[in-house]
Amino acid sequence: MPRAKKDGQHINCYIDRTLCEQLKAYADEKGQTMTTALERILKQYFEGLKNVSDEK
């Protein structure tokens, strides 16, 4: 049985080649797709911002 589709949205961005290679290496190291790795990185970043603003 196929998985349910994620409630998501496509993004298209043009990033520095070196940064893209770092993202790919990170995703490969963690055994994740680049999409999953990027989602987790962004979630962690935004949670960190929220924690910093909650401390003020």
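**Figure 1. The largest pocket of the predicted model.** A pocket is an open set of grid points where a 1.4 Å probe fits, with protein on both sides within 12 Å along at least five of seven lines. The structure shown is a predicted model. Its largest pocket holds about 740 Å³ of space. The lining counts 20 residues. Nearest the centre of the pocket lie I11, M34, T35, L38 and E39.

**Figure 2. What lines the largest pocket.** Two helices, α1 (17-30) and α2 (34-55), each give at least two residues to the lining. Helix α2 supplies the largest share, 7 residues. By residue class, the lining has 11 nonpolar, 6 polar and 3 charged members. E39 is among the residues nearest the pocket centre, and E39 returns in the next view.

**Figure 3. Salt bridge between E39 and K6.** The structure holds 3 salt bridges. In this one, E39 pairs with K6, and the closest N and O atoms are 2.9 Å apart. E39 sits in helix α2 and K6 in the segment before α1, so the pair ties together parts 33 residues apart in sequence. How accessible is E39? E39 is partly exposed, at 30% relative accessible area. K6 counts as exposed, at 58% relative accessibility.

**Figure 4. Salt bridge between K24 and D28.** The side chains of K24 and D28 meet at 3.3 Å, N to O. Both residues belong to helix α1. They are 4 residues apart, so about one helical turn separates them. K24 is partly exposed, with 43% relative accessibility.

**Figure 5. Salt bridge between K50 and D54.** Here the N to O distance is 3.7 Å. K50 and D54 both lie in helix α2. The spacing is 4 residues, about one turn of the helix. Are these two residues buried or exposed? K50 is exposed, and D54 is exposed too.

**Figure 6. The aromatic pair Y45 and F46.** A search of the whole structure finds 1 aromatic pair. Its members are Y45 and F46, with ring centres 5.4 Å apart. The cut-off for edge-to-face is over 60 degrees. F46 has a relative accessible area of 52%. The cut-off for exposed is over 50%, so F46 counts as exposed.

Figure 7. How many disulfides does the structure contain? The count is 0. A disulfide needs the two sulfur atoms within 2.5 Å. C20 is likewise in no disulfide, with the sulfur of C13 as its nearest cysteine sulfur. C20 is partly exposed, with a relative accessible area of 30%.

**Figure 8. P2, in the segment before α1.** P2 lies in the segment before α1. Its relative accessible area is 74%. Exposed means over 50%, so P2 counts as exposed.

Notes:
Residues numbered from 1 in each chain as written. Predicted model: local features only at pLDDT ≥ 70, side-chain atom pairs only at ≥ 80, totals over all residues. Heavy atoms only, no water. 1 Å grid on protein atoms, 1.4 Å probe; cavity = no way out; pocket = protein on both sides within 12 Å on 5 of 7 lines; lining within 4 Å. Points joined across faces, edges and corners; volume = space filled by probe spheres on them. Nonpolar A, V, L, I, M, F, W, Y, C, P; charged D, E, K, R; others polar. Phe/Tyr/Trp six-rings, centres within 6.5 Å; stacked < 30°, edge-to-face > 60°. Buried < 20%, exposed > 50% of the residue type's maximum accessible area, 1.4 Å probe, protein only. Salt bridge = Lys/Arg side-chain N within 4 Å of Asp/Glu carboxyl O.
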